[in-house]
Amino acid sequence: MSHPGATATDRHKVVIIGSGFGGLNAAKTLKRTDVDIKLIAKTTHHLFQPLLYQVATGIISEGEIAPPTRLILRKQENAQVLLGEVTHVDLTNQTVDSVLLGHTYRTPYDSLIIAAGAGQSYFGNDHFAEFAPGMKSIDDALELRGRILGAFEQAERSSDPERRKKLLTFVVVGAGPTGVEMAGQIQELADQTLKGSFRHIDPTEAHVILLDAAPAVLPPMGEKLGLKAKARLEKMGVEIQLNAMVTDVDRNGITVKDKDGSIRRIESACKVWSAGVQASPLGHDLAAQSETEVDRAGRVKVNPDLSIPGHPNVFVVGDMAFVPGVPGMAQGAIQGGKYVAKIIQNEVAARAHGNMPKPREPFKYFDKGSMATVSKYNAVAQVGKLEFGGFIAWLAWLGLHLIYLVGFRTKVATLLSWAVTFLGRDRGQLTITEQQAYARTRLEQLEEIAASAQETEKAAS
Ligand SMILES: Cc1cc2nc3c(=O)[nH]c(=O)nc-3n(C[C@H](O)[C@H](O)[C@H](O)COP(=O)(O)OP(=O)(O)OC[C@H]3O[C@@H](n4cnc5c(N)ncnc54)[C@H](O)[C@@H]3O)c2cc1C
């Protein structure tokens with residue numbers, strides 16, 4: 001256990017966990033505040049998750065949506081970026097433990113902002129992950145790219161029609177925005193980009209199925225937009241199966257239970273999971289030490305000022321927090337991160353002048369709406385009471401995503417990649433490697449081997 005090498009000062013110490021939308025915006029808001037910030041995250045980048053599906057389907061590269069956090073904060077002298085996975089927060093001693101390559105570091109804090117986001121939820125069936133990766137990280141997106149393109153490659157070499165059919169059937173589980181975007185892009189990849197590039201198979205015969213246990217597509221965006229998205233996807237050739245609950249996933253396909261109770265099977269080599277989220281386990285760590293409660297999705301039930309019960313200096317923001325009326329979307333995390341940073345800013349300034357800090361105003365979320373792309377030139381958008389779809393919505397989607405991408409270089413590179421794909425039919429990022437496609441399976445095998453070796457050792461001793 002050791003303390004990181006930064007110089008200790010008497011300044012107020014702010015520790016931020018996570019470099020996503022919540023953590024990064026909190027750090028940037030504190031730029032001119034007289035505090036020492038340590039931002040600890042388990043990746044070296046700030047990930048723009050809304051465009052992960054474009055990495056998975058070869059439109060853009062991972063670098064375009066994941067600039068290094070260290071470079072984003074390079075000029076912010078009061079901030080230090082530290083790589084490590086936070087494993088424990090000690091609320092009594094006000095320290096945070098993080099692990100990097102087996103070494104544990106302990107970092108003290110005066111104020112703590114926890115923005116560790118959420119992971120994929122398989123609703124208690126974690127073994128599905130091996131066969132149906134989710135889409136939460138760059139690793140996930142690259143693995144999916146490898147699996148999608150790999151399925152076409154294997155189909156080209158297969159002389160068995162049943163096997164070819166299985167390889168060319170793609171199932172996307174979860175008809176929320178990510179599922180809709182993935183299904184649309186796999187279909188366009190097959191119909192436009194890959195068309196004519198194989199000799200034995202016809203990629204346009206690929207069968208894309210979008211499946212959900214709910215009765216509607218895009219439920220959070222309302223019936224009208226859901227129907228619009230559904231109609232557009234069906235026109236493109238995506239098959240939509242609603243009221244269909246996945247009961248099992250294996251290497252060769254999925255098992256589905258329909259509304260009438262009947263069980264059926266879909267043979268498919270490539271499955272994508274976009275059907276649920278589970279907040280960071282750090283929420284349970286807080287609950288074990290305080291009055292804090294978590295909901296079923298592991299989200300922390302925070303106070304109106306986003307602090308946790310009994311600890312006014314510990315805040316939880318973004319996907320990890322349960323705040324009534326605030327969706328698990330980028331804006332919730334951005335606004336939450338900025339809000340708690342301003343509380344810290346005001347209270348540090350008040351104390352520096354020997355004043356009592358003002359009572360905290362509760363967090364107020366400003367709903368800027370939501371959007372999802374369905375296909376090239378087609379999106380659906382909801383802004384306040386306004387709901388619209390089609391080309392205008394797609395242009396709005398394009399503009400907004402460019403605004404929110406971090407960094408000038410990133411914006412220019414993304415714009416160029418979009419020009420290649422949207423003005424023509426090519427995609428610039430169709431490279432796949434064996435590591436991308438098989439690393440997860442190999443790592444899991446290694447873990448299994450290590451676990452069974454340990455058991456054998458125990459039994460022998
Ligand atoms: C595929 C996809 C598409 C999406 N599309 C949209 C969209 O179109 N519009 C929209 O508004 N929202 C969208 N979202 C949701 C949006 O991305 C999230 O709401 C937002 O990222 C939440 O921000 P956050 O800061 O809470 O968490 P995140 O952005 O997830 O950041 C979490 C951070 O914590 C770090 N971390 C996690 N655990 C630890 C740990 N133990 N120790 C150290 N660091 C840790 C992670 O590395 C990461 O840096 C999408 C999400 C996904 C997955």
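1. Start with the salt-bridge network that links Arg11, Asp34 and Asp36. A salt bridge here is a side-chain nitrogen of Lys or Arg within 4 Å of a carboxyl oxygen of Asp or Glu. Aspartate 34 meets arginine 11 at 2.8 Å, N to O. Helices (H or I, at least four residues) and strands (E, at least two) are DSSP runs, numbered from the N terminus.

2. A word on what you're looking at: this is a predicted model, where local features need pLDDT of at least 70, side-chain atom pairs count only at pLDDT 80 or more, and totals for chains, interfaces and linings use all residues. Residues are numbered from 1 along each chain as its sequence is written, and side-chain values use heavy atoms, with hydrogens and water left out.

3. Aspartate 36 is buried, at 16%. Arginine 11 is partly exposed at 29%, and aspartate 34 is partly exposed too, at 49%.

4. The structure holds 13 salt bridges, and another one to look up joins arginine 251 to glutamate 130, with the closest N and O atoms 3.4 Å apart. Arginine 251 is in the loop between β12 (245-250) and β13 (253-257), and glutamate 130 is in the loop between β8 (118-120) and α5 (138-157), so this pair ties together parts 121 residues apart in sequence. Arginine 251 counts as exposed at 51% relative accessibility, while glutamate 130 is partly exposed at 23%.

5. Now the overall build. The protein has 13 helices and 23 strands. Its C-alpha trace spans about 75 × 70 × 45 Å along the principal axes. The radius of gyration is 23 Å, which agrees with the value near 23 Å for a compact globule of 461 residues. That radius is taken over C-alpha atoms, and the globule rule is 2.2 Å times the number of residues to the power 0.38.

6. Some totals: 50% of the 461 residues count as buried. The accessible surface comes to about 22,400 Å², and 54% of it belongs to carbon and sulfur atoms. Accessible areas come from the Shrake-Rupley method with a 1.4 Å probe; for residues, only the protein chains shown count as cover. Among contacts between residues at least 6 apart in sequence, 64% join residues at least 24 apart, where contact means heavy atoms within 4.5 Å.

7. Which residues does valine 272 contact, leaving aside its neighbours within four places in sequence? The list is Pro133, Leu144, Val171, Val172, Val173, Met182 and Ile186. Valine 272 lies in strand β15 (residues 270-273) and is buried, with a relative accessible area of 1%. Its C-alpha atom is 17 Å from that of lysine 165, which is 107 residues away along the chain.

8. You'll find serine 98 in strand β5 (residues 95-100), buried at 5% relative accessible area. Not counting residues up to four places away in sequence, serine 98 touches Ile40, Gly84, Glu85, Val86, Thr87, His103, Thr104 and Tyr105.

9. Leucine 423 belongs to helix α12 (residues 408-423) and is exposed, at 73% relative accessibility.

10. Last, the record. An unreviewed UniProt entry carries the annotation "domain: FAD/NAD(P)-binding" over residues 13-337. UniProt positions are given in the numbering used here, feature names are shortened, and annotations may be inferred rather than shown by experiment. Over residues 13-337 the chain is 29% helix and 28% strand, with the end C-alpha atoms 16 Å apart.

Notes:
Buried means under 20% relative accessible area, exposed over 50%, partly exposed in between (1.4 Å probe, protein chains only).
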